[in-house]
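Could you show me around this structure, one selection at a time? I have it open in a viewer and would like to know what to click on next.

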Amino acid sequence: MSDYKFAVSAWIWYGNPATNGYDFIDKAGEIGYDGIEIPTFDGNIDEKQILDKLSSQKRKIEPVVVGGGSPDMDISSENEKIRENGLNYIKKLVDKASKINSFLVCGPIYSAVGKSLYLTAEQRERVIRRTALEIRKASEYATGQGVDLALEPLCRYDSYLINTTAEMHHFLDLAESENVGILLDTFHMNIEERSMPEAIRLAGDRFRHFQVCENDRGVPGKGSLDWKSIAAATEKSGYKGWVSLESFTPYEQEFSAIMRSWRPLSETQDLFASEGLNYLKKIFV
Ligand SMILES: [Mn+2]
């Protein structure tokens with residue numbers, strides 16, 4: 001038995017998971033995944049439809065809720081109202097997760113995705129400290145629902161605040177929350193980390209969720225990433241959670257533009273998901 005469970009993001013197929021009645025859950029099940037990432041920027045996912053879909057599967061599929069801050073819902077904001085909206089958004093994700101029997105809410109929920117803002121070192125530390133206090137409130141709320149949080153460092157093009165595992169450690173040291181860990185994503189690490197195996201080692205006990213894709217956001221094994229050393233570092237770290245394939249459909253005007261998914265990275269998105277799973281199962285054993 002593998003130490004890992006394999007999941008896939010709904011974003012491979014749709015920007016809005018509700019498109020076609022959450023049928024990506026059927027697709028994930030048919031391909032052979034054990035888990036499904038359900039991403040939502042507004043928290044408006046239909047728990048009843050999702051539960052119906054999950055219970056109609058031949059194989060057991062576990063959901064993971066993925067979120068990200070936005071300009072109006074951002075706990076790192078200077079604006080108190082926007083911070084409050086950001087905290088309420090995370091609470092909503094936690095509520096939804098708990099309703100669909102998901103025990104993990106993850107993603108870059110600590111700030112607005114795509115925000116670009118220059119800060120001096122002193123300003124940065126002040127924002128980090130203030131944001132960590134908001135995460136502490138979110139984590140206390142999540143603890144009450146039996147949900148963990150996993151926060152994702154993003155590359156410089158997507159976040160002004162936390163780009164590396166080391167920066168996330170500093171942030172989480174300040175948040176002092178037991179149920180908050182780190183989400184590592186190979187795409188972002190490949191841009192920001194000098195060594196991916198070292199970044200994985202550094203995550204240590206806080207390594208809580210793993211999103212993977214090739215250096216071009218494509219199918220693992222078809223690009224320049226060194227998957228053997230990534231898998232070796234992951235095994236050495238003791239991580240036993242999800243290995244989750246994340247990429248974005250290039251076929252939806254608004255969503256694909258937000259995600260900068262300009263071209264297909266596989267013949268079809270179904271093929272993307274099945275080739276990805278086959279490769280990941282060979283590498284993460
Ligand atoms: Mn990611």
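This is a predicted model: local features need pLDDT of at least 70, side-chain atom pairs count only at pLDDT 80 or more; totals for chains, interfaces and linings use all residues.

Stop 1: Read along the sequence and you will find the donor residues of the manganese ion spaced as E-x32-D-x25-Q-x34-E. Now select them: Glu-152 (OE), Asp-185 (OD), Gln-211 (OE1) and Glu-246 (OE) coordinate the manganese ion at 2.1 to 2.3 Å. Keep Glu-152 and Asp-185 highlighted for a moment. These two are 33 residues apart, and the pair links distant parts of the chain. Glu-152 sits in the loop between β5 and α5 (165-175), while Asp-185 belongs to strand β6. Are these two buried or exposed? Glu-152 is buried, with a relative accessible area of 3%, and Asp-185 is buried too, at 1% relative accessibility.

**Stop 2: the barrel.** Switch to a cartoon view and colour the strands. Eight strands close into a barrel, in the order β1-β2-β3-β4-β5-β6-β7-β8, with parallel pairing. On average, neighbouring strands of this sheet are turned by 30° against each other, direction ignored.

Stop 3: Select residues 35-39, which form strand β2, and residues 62-66, which form strand β3. The two pair in the parallel sense over five bridges. Show the residues that face each other: Gly-35 stands opposite Glu-62 in β3, and Pro-39 stands opposite Val-66 in β3. Strand β3 is mostly covered, with four of its five residues buried.

**Stop 4: helices on the sheet.** Next, select residues 24-31, which make up helix α1. This helix lies across β1 (5-9) and β2, and runs at about 155° to β2. Then move to helix α4, residues 121-144, which packs on the sheet and touches β5 (148-151) and β6 (180-185). The direction of α4 makes about 145° with that of β5.

**Stop 5: helix α5.** Which residues of α5 are buried? They are Thr-165, Met-168, His-169, Phe-171, Leu-172, Leu-174 and Ala-175. Their cover includes α4, β5, β6 and α7 (196-203).

**Stop 6: the nonpolar core.** Stay with Phe-171 from the last stop. The largest nonpolar core has 83 residues, and Phe-171, Phe-210 and Phe-284 are those with the most contacts inside it. Who touches Phe-171, if we leave aside its neighbours within four places in sequence? The contacts are Tyr-110, Ile-128, Thr-131, Ala-132, Ile-135, Leu-151 and Ile-162.

**Stop 7: the cysteines.** Finally, look at the sulfur atoms. A disulfide is a covalent bond between the sulfur atoms of two cysteines. How many disulfides does a search of the whole structure find? The search finds zero. Cys-106 is buried, at 0% relative accessibility, and Cys-155 is buried at 1%.

Definitions and conventions:
Residues are numbered from 1 along each chain as its sequence is written. Side-chain values use heavy atoms; hydrogens and water are left out. Two strands pair if DSSP finds at least two bridges between them. Axes are lines fitted to C-alpha atoms, for helices over the stretch in contact, and angles run from 0 to 180 degrees between N-to-C directions. Contact means heavy atoms within 4.5 Å. Donors are N, O and S atoms within 2.8 Å of the metal (3.2 Å for Na, K and Ca); water is not among the atoms, so sites may look incomplete. Buried means under 20% relative accessible area, exposed over 50%, partly exposed in between (1.4 Å probe, protein chains only). A nonpolar core is a set of buried Ala, Val, Leu, Ile, Met, Phe, Trp, Tyr and Cys residues joined through side-chain atoms within 4.5 Å. A disulfide is a pair of cysteine sulfur atoms within 2.5 Å.
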